[in-house]
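Trainee: Hi! Could you walk me through this structure? I'm new to it.
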Amino acid sequence: MKTGAVTDEFDHAADVYDRLVAANPGYHRDLRRSARRLGLPGQGEGLLLMDLGCGTGASTAALLHEYPKARIVAVDASEGMLRAAAAKEWPENVTFHLARAEDVTPEWAVGLLGGPADAVFAAYLVRNVPDPSALLKAVRALLRPGGRLALHEYSVADSASARAVWTAVCWGVVVPAGRALAGRADLFRYLWRSVLEFDGRAALLGRMRDAGLESVAAAPMPGWQYGITHTFVGRRAPERRGSDGHGARGSGSEGRGSTEPGAGTEVR
C-alpha cells in the first residue's frame with residue numbers, strides 16, 4: 001500500500017473523505033490543537049509554514065486558524081485530495097502543490113518557496129510513507145535553523161487499551177462507514193492495520209531524535225482519542241553562537257521573529 005496503492009485509494013475516497021471525518025467528534029478541533037502546539041509567535045506573521053500531506057485541506061485549515069498571517073504551502077501526493085482541497089475557499093496566503101512528501105527536498109523548497117520553512121505540520125502522514133525515518137530526515141533538511149515540526153499522528157503500540165479501542169472504533173464505525181460512502185473499504189482496513197503496525201510513542205520520539213531533531217516531546221489528545229492520537233513536536237537545532245558571542249543569522253532564524261519553541265512543555 002505504501003508504495004503507491006495508498007495514494008490511489010485516497011484518490012478514490014477524496015470526494016467523500018470530508019463526510020467521513022465529520023463523523024469523528026473533535027477531528028478538526030484536535031488538528032487545531034496540534035497546530036497550536038507548534039508555538040509560533042505573532043499569528044505566524046512573516047513565517048513560511050508547510051503542510052505536508054494536506055489531504056482535503058483539514059490540516060491546512062487548522063494551520064490557517066492558528067496562524068492566519070503566515071504563508072502556508074500545502075502539499076499532497078493525491079490529485080483527488082488536492083482537487084477537493086483547492087475547490088474550497090482560501091485566502092491568498094494559502095497555496096496547494098502536488099508532490100510526494102518524500103520528494104520535497106531543500107532544493108524544491110528554495111525553488112518553489114524561496115527558502116526553507118519556519119515550520120512543518122504533518123497530520124496522519126509519517127505512518128503512510130515507506131520509510132518514516134528517511135521522511136523525518138528530509139523534513140529536518142526543509143527547516144531553517146530553529147524551525148519547528150509538529151506531527152499529528154495515531155500511535156497505539158504502547159497501550160493495550162488504546163489498541164483495543166482503536167480496533168473497536170475501526171470495525172464498528174470507520175470500515176462500515178467507509179464502505180458505505182466510498183463503495184469499498186480497502187483504505188479503511190489499511191488505516192486500521194497501519195495504525196496497529198506503526199511506532200509507539202517512545203519509538204516515534206526516538207526516530208525524531210535519530211533524524212537530528214531536538215527538543216522532541218509528545219502530548220495526547222483529550223477525549224476518546226486519549227492514548228490513540230498525539231502531537232509529536234521537535235525542532236531543528238538553532239544556529240550556535242561562536243566564541244566571540246556572535247552567530248550568523250542564516251535563513252531568517254531570528255529575523256522572522258521566532259522564539260524558543262515550547263517543545264516539551266506544551267500540553268494544552
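Mentor: Happy to! Let's begin with Ser155, which touches Asp199, Gly200, Arg201, Gly227, Ile228, His230 and Phe232, leaving aside residues up to four places away in sequence; contact means heavy atoms within 4.5 Å. This is a predicted model, where local features need pLDDT of at least 70 and side-chain atom pairs count only at pLDDT 80 or more, while totals for chains, interfaces and linings use all residues. Residues are numbered from 1 along each chain as its sequence is written, and side-chain values use heavy atoms, with hydrogens and water left out.

Trainee: Where is Ser155 found?

Mentor: Ser155 sits in the loop between β5 (143-154) and α7 (160-182). Helices (H or I, at least four residues) and strands (E, at least two) are DSSP runs, numbered from the N terminus.

Trainee: Is Ser155 buried or exposed?

Mentor: Ser155 counts as buried because its relative accessibility is 3%. Buried means under 20% relative accessible area, exposed over 50%, and partly exposed in between, using a 1.4 Å probe and protein chains only.

Trainee: Okay, new topic. In what order do the strands of the sheet come?

Mentor: The order is β3-β2-β1-β4-β5-β7-β6, seven strands in an open sheet with mixed pairing. β3 (94-98) and β6 (213-220) are the edge strands, each pairing on one side only. Two strands pair if DSSP finds at least two bridges between them.

Trainee: And how many bridges join β4 to β5?

Mentor: Six, and β4 (residues 117-123) runs parallel to β5. Ala122 stands opposite Leu151 in β5.

Trainee: Which strands does helix α3 lie across?

Mentor: Helix α3 (residues 58-66) lies across β1 (48-52), β2 (71-76), β3 and β4, at about 155° to β1. Helix α4 (residues 79-86) lies across β2 and β3, at about 165° to β3. For these angles, axes are lines fitted to C-alpha atoms, for helices over the stretch in contact, and angles run from 0 to 180 degrees between N-to-C directions.

Trainee: Got it. What about cysteines, how many disulfides are there?

Mentor: The structure holds zero disulfides, a disulfide being a pair of cysteine sulfur atoms within 2.5 Å. Cys54 counts as buried because its relative accessibility is 3%, and Cys170 is buried, with a relative accessible area of 0%.

Trainee: Last one: what share of the chain is buried?

Mentor: Buried residues make up 49% of the 268 residues. The chain has nine helices and seven strands.
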